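Reader: Can you walk me through this one? I'd like the side-chain details, in plain terms.

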Amino acid sequence: MDLKRLEKTLHEMNQFGRSKEGVTRLAYSKEERQAAEHFSNLCRKEGMDVRIDTCGNVIARREGSNPDLPVVACGSHLDTVIHGGNYDGTLGVIAALEVIRSLNDKGVKTEHPIEIIAFACEESSRFGVSTIGSKATAGILELESLSELSDSEGKFIRNIFSECSLNFNEIDKSTRQKEEFKVFLEMHIEQGPVLERRQKQIGIVTGIAAPTRFEVKIKGQASHSGTTPMDYRRDAFLSAAEIALLLEQAAKREAGNGTVATVGACEVKPGSMNVIPDLATMKIEIRGTSTDSKNRVIKSLFTAVKQVEQKRNVSIEYSKLSDEHPINLDKEVIDSLSLSCEQKGYTYTHMASGAGHDAMNMALLCPTGLLFVPSKNGLSHHPDEYTEMEQIGIGADLLETAIIKFAG
């Protein structure tokens, strides 16, 4: 495996959307579609057949000696958060491409076909909903609610699809059947500190936490900041702050189960220093590997909304943006990856993933494995996100071994 080639390709890919603040390739943006096209061309150079499905997923296929066998699939995503780093998602796609290059260099022919899938819209940064591409592949998109999604500029997703020469009404044609796949494998940076702290080279994921996301709109009364006594105020922002703190308390009660809650965005209007806010819009995420624990935090959120609404004389509306379920990954794939680590002398640990990944949707279609390489200082979704090439090489080597093993 040529790590310098992998590093060079990763650098090239991250020129799409790069600025001094980091890498920004929002889903279905010009930059993300350019990256998808560049990746498609790289795959074609390796003799792969490439197609883009109706959801914008790039699917590159290396034919096997028996084309009728189910595919061994691997991949991740190319879209990023705003001002993200170089590795999240993109590394998994480029590492999969390097595996194909390595197989070509060695003249290895597999019995099963191999596919690399670069899924569209894994990140929730643009629409508040994540893993749209892999949900489409698994056939679990709720199209009616999806059609109402819009970005921060008010552009509806159906119109954005048209700008990308995609037909929103044909997303369901992206759905694939279980019998098409033998296995799906994803390599990803950990995005947390566990591997560094445990001094392990590889994380083999046993389960993936799933988020439930809400939008909460609090309507109060705008009035003059100097002439309105504190007891007469209907402050939308303070109401939002109180809900956020009550939500934090609820999540801390579930710390033993690993459940977390985050207010990731709060827009306050009218946004003037001398006007009491009359509208606060919160984006809330509750995430965990235990459904029962997560549901208790959700129940606490609803209780907090009612309590604050009465206490502060505001009106509050909320809507559920998405609701995903935790996933346990395939034991045979976990055991296979573990055995390969032992045979190669790689140190590893079994661990849960607090972040969502496309692998959790692919697990509904076929046996699925997810392997992590360390993130320096546990940092991710940040321009300083970093993983050493030596660590990347270990992960890519393990990915290649797994692909050869499953592809025959």
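This is a predicted model: local features need pLDDT of at least 70, side-chain atom pairs count only at pLDDT 80 or more; totals for chains, interfaces and linings use all residues.

Reader: Rings first. How many aromatic pairs does the structure hold?

Author: Six aromatic pairs. Rings of Phe, Tyr and Trp (its six-membered ring) pair if their centres lie within 6.5 Å; planes under 30 degrees apart are stacked, over 60 edge-to-face, and the rest tilted. One of the pairs is F161 with F168, edge-to-face, at 5.5 Å centre to centre and 85° between the planes.

Reader: Are F161 and F168 buried or exposed?

Author: F161 is buried, at a relative accessible area of 0%, and F168 is buried too, at 9%. Buried means under 20% relative accessible area, exposed over 50%, and partly exposed in between (1.4 Å probe, protein chains only). F161 and F168 also form one aromatic cluster with Y28.

Reader: And F214 with F302, why is that pair edge-to-face?

Author: The ring planes of F214 and F302 are at 85° with centres 5.7 Å apart, so the pair counts as edge-to-face. F214 lies in strand β9 (residues 210-219) and F302 in helix α9 (residues 291-312), so the pair ties together parts 88 residues apart in sequence. Helices (H or I, at least four residues) and strands (E, at least two) are DSSP runs, numbered from the N terminus.

Reader: How accessible are F214 and F302?

Author: F214 is buried, with a relative accessible area of 1%. F302 is partly exposed, at 27%.

Reader: Which residue lies over the face of F156?

Author: R158, at 4.6 Å from the ring centre. A charge sits over a ring if NZ of Lys or CZ of Arg is within 6 Å of the ring centre and within 35 degrees of the ring normal.

Reader: Cysteines next. What does the disulfide count come to?

Author: Zero disulfides, where a disulfide is a pair of cysteine sulfur atoms within 2.5 Å. For C341, the closest cysteine sulfur is in C74, 17 Å away, which is too far for a bond. C341 is buried, at 0% relative accessibility.

Reader: What about C366?

Author: C366 is in no disulfide either; its nearest cysteine sulfur is that of C74, 11 Å away. C366 is buried, with a relative accessible area of 6%.

Reader: Changing topic. Where is the cis peptide bond?

Author: From K269 to P270, with omega near 5°. P270 is in the loop between β10 (260-269) and β11 (279-288). For background, most peptide bonds are trans, and most residues other than glycine have a negative phi.

Reader: What is the phi of S165?

Author: Positive, about 60°, although S165 is not a glycine. S165 lies in the loop between α6 (157-163) and β7 (181-189) and is exposed, at 70% relative accessibility. N313 is not a glycine either, and has a positive phi of about 55°. N313 is placed in the loop between α9 and β12 (315-323).

Reader: What follows α12?

Author: G408, with a positive phi near 80°. Helix α12 itself (residues 389-407) has 19 residues and reaches 26 Å from its first C-alpha to its last, close to the 27 Å expected at 1.5 Å a residue. The expected span is 1.5 Å times one less than the number of residues.

Technical notes
Residues are numbered from 1 along each chain as its sequence is written. Side-chain values use heavy atoms; hydrogens and water are left out.
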